[in-house]
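Please open the structure in a viewer and keep the selection panel at hand.

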Amino acid sequence: NANILNIQSHIEVLRKMDTLTKRDFRGYLLNDIIKFIGVKAKEYCSQLFGSDNILFALDGNDIEISYYGKPYEGLSGGEQQRVDLIIQFSIREMLNNMDDSDAEEFIKFVERNWGTKISRYEDEQPIMQQKKRGRKPINK
């Protein structure tokens with residue numbers, strides 16, 4: 001009985017270590033992914049709009065997105081569209097540089113944690129589902 005309890009205790013410790021290792025690895029991987037997207041976003045912003053004044057970075061458990069120092073939520077509709085376009089290009093480049101299993105895992109992670117559907121290939125639907133924008137019609 002003591003031997004069985006010792007083995008069960010050992011198995012429980014191994015399971016906990018396995019869980020911690022996977023969680024830490026995923027956190028590390030996510031951090032690298034966010035950094036890659038942030039670097040690519042600056043490159044695309046510079047190429048498309050002549051300035052690299054975009055920020056896409058991990059801030060604790062949140063992703064901070066800003067353009068010319070203004071948070072994404074405070075941007076005009078046109079500025080948000082620019083940022084969306086830049087981020088889409090950056091994500092697509094990242095996905096194209098990943099092997100299939102890593103890309104599928106990232107897509108699942110984004111859908112599960114951010115509620116955003118993305119596609120990997122250009123012939124599929126847009127890489128990120130866009131929010132509906134525009135002004136409401138003026139009632140006369």
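A nonpolar core is a set of buried Ala, Val, Leu, Ile, Met, Phe, Trp, Tyr and Cys residues joined through side-chain atoms within 4.5 Å; buried means under 20% relative accessible area, with a 1.4 Å probe and protein chains only. The model is predicted: local features need pLDDT of at least 70, side-chain atom pairs count only at pLDDT 80 or more, and totals for chains, interfaces and linings use all residues. Residues are numbered from 1 along each chain as its sequence is written, and side-chain values use heavy atoms, with hydrogens and water left out.

Begin with the whole chain, coloured by secondary structure. Three helices and three strands are present, in the order α-β-β-β-α-α from the N terminus; helices (H or I, at least four residues) and strands (E, at least two) are DSSP runs, numbered from the N terminus. Of the 140 residues, 27% count as buried.

Next, select the strands. They form an open antiparallel sheet in the order β1-β2-β3, where two strands pair if DSSP finds at least two bridges between them. The edges are β1 (54–59) and β3 (70–71), each pairing on one side only. Six bridges join β1 to β2 (residues 62–67). Within β2, isoleucine 63 is the bridge partner of leucine 58.

Now select Ile54, Ile91, Met94, Leu95 and Phe106. These residues have the most contacts inside the largest nonpolar core, which has 24 residues. The elements giving two or more residues to this core are α1 (2–49), β1, α2 (77–96) and α3 (100–114). Finally, select α1, which provides the largest share of this core, seven residues.

Terms used. Buried < 20%, exposed > 50% of the residue type's maximum accessible area, 1.4 Å probe, protein only.
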